[in-house]
Amino acid sequence: MTYEAEEVRTSQEIFYYLLEYHQLREEDEPVLFKAYTEEENIRNLVKNQGEIAGSAVERYGNVVYLIPGEDNNFLGFSRVQLRAALCKSTASDKDYYLSQFVILTLLAEFYDGQGSTSKSREYIRAGEFMNCISRRLKEGAENINEEETDTAGISFQVMLEAYEALRSEEKGSRARTTKEGFVHNILAFLQKQELIEYVEQDEMIKTTRKLDNFMDWNLLNQNHYQRVRRVLEEAENE
């Protein structure tokens with residue numbers, strides 16, 4: 001297929017914008033958004049550039065997102081980078097897995113994957129969220145036998161021990177060696193990625209439209225939803 005020079009230039013402009021801001025909102029850049037949504041050639045060029053860069057370019061509602069692939073350590077985060085950002089400096093693999101479990105628990109509390117929208121609540125208090133983490137870890141450690149643990153590659157008992165090893169101090173602690181500080185740091189990271197709003201003075205956690213769109217349109221298709229439920233041992237038996 002032959003493309004006009006102006007189409008190529010516009011597609012490059014859109015992709016560069018996505019590289020810089022990771023999303024293209026209609027209200028911010030209406031001309032570029034219109035070009036992407038209404039011009040098939042331009043849209044295909046942008047998607048091809050995303051594919052070459054190990055990413056997907058997807059439109060959810062009135063926003064176009066650049067979504068790095070799971071192994072894209074240039075535009076996304078490597079495991080080493082995530083561990084450094086989410087955990088204490090001496091963190092081990094069990095601390096890293098615990099941080100991922102905290103994020104999965106947050107997603108499970110906000111999204112149930114049912115109905116026209118997956119979102120099931122508007123906010124959660126930080127204290128309630130920490131209670132959820134503790135409860136789910138204990139339930140997982142009690143319900144997962146060793147054979148299932150080996151298959152999943154995750155030990156609930158090890159994660160529970162890592163969580164319980166963190167000190168518990170008065171609310172407001174920012175030290176990553178405390179339960180409060182560990183969770184606070186993860187919430188601060190998610191807020192920096194514009195996935196949640198963390199109102200510290202009210203101890204209130206809310207999700208952003210960016211995360212809501214991603215969960216509704218991408219992550220919570222039925223296959224992904226069942227994977228999340230299995231990890232958290234929420235799958236229904238009946």
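Predicted model: local features only at pLDDT ≥ 70, side-chain atom pairs only at ≥ 80, totals over all residues.
The chain has 238 residues, of which 40% count as buried. Its secondary structure comes to eleven helices and six strands. Among contacts with a separation of 6 or more, 54% join residues 24 or more positions apart. The accessible surface of the chain is about 13800 Å². Carbon and sulfur atoms account for 46% of that surface.

Strand β1 covers residues 23-25 and pairs with β3 over three bridges. On this side of β3, Q23 stands opposite Y65. Strand β2 covers residues 55-60, and six bridges join β2 to β3 in the antiparallel sense. Here R59 stands opposite V64 of β3. β2 and β3 also form a hairpin, with two residues between the strands. Within that hairpin, G61 takes a positive phi near 65 degrees.

Strand β3 spans residues 63-68. Five of its six residues are buried, so β3 is largely enclosed by the rest of the structure.

Residues 5-21 make up α1, and S11 is one of them. Is S11 buried or exposed? The relative accessible area of S11 is 1%, under the 20% cut-off, so S11 is buried. Beyond its neighbours within four places in sequence, S11 is in contact with I42, L45, V46 and Q49.

The other sheet described here is also open, with three strands in the order β4-β6-β5. Its pairing is antiparallel. The edge strands are β4, residues 124-125, and β5, each pairing on one side only. Strand β6 covers residues 204-207, and two bridges join β4 to β6. R125 has M204 of β6 as its bridge partner. Helix α9 packs on this sheet and touches β5 and β6. The direction of α9 makes about 130 degrees with that of β5.

In soluble globular proteins, nonpolar side chains tend to be buried together. The largest nonpolar core of this model holds 37 residues. Which residues touch the most other members of this core? They are L106, F129, L137, L187, I196 and I205. Several elements give two or more residues to this core: α4 (79-86), α5 (93-110), α6 (126-143), α8 (156-165), α9 (179-192), β5 (196-199) and α10 (209-219). The largest share comes from α5, with eight residues. L106 is in contact with F129, L187, L190, I196 and I205, leaving aside its neighbours within four places in sequence.

C87 has a relative accessibility of 1% and counts as buried. C132 is buried too, with a relative accessible area of 4%. A search of the whole structure finds zero disulfides.

Notes. Residues numbered from 1 in each chain as written. Heavy atoms only, no water. Core = buried A, V, L, I, M, F, W, Y, C linked by side-chain atoms within 4.5 Å. Buried < 20%, exposed > 50% of the residue type's maximum accessible area, 1.4 Å probe, protein only. Helix = DSSP H or I, 4+ residues; strand = E, 2+ residues; numbered from the N terminus. Contact = heavy atoms within 4.5 Å. Pairing = 2+ DSSP bridges. Axes fitted to C-alpha atoms, helices over the stretch in contact; angles between N-to-C directions. Areas by Shrake-Rupley, 256 points an atom, 1.4 Å probe, with all protein chains shown as cover. Disulfide = S-S within 2.5 Å.
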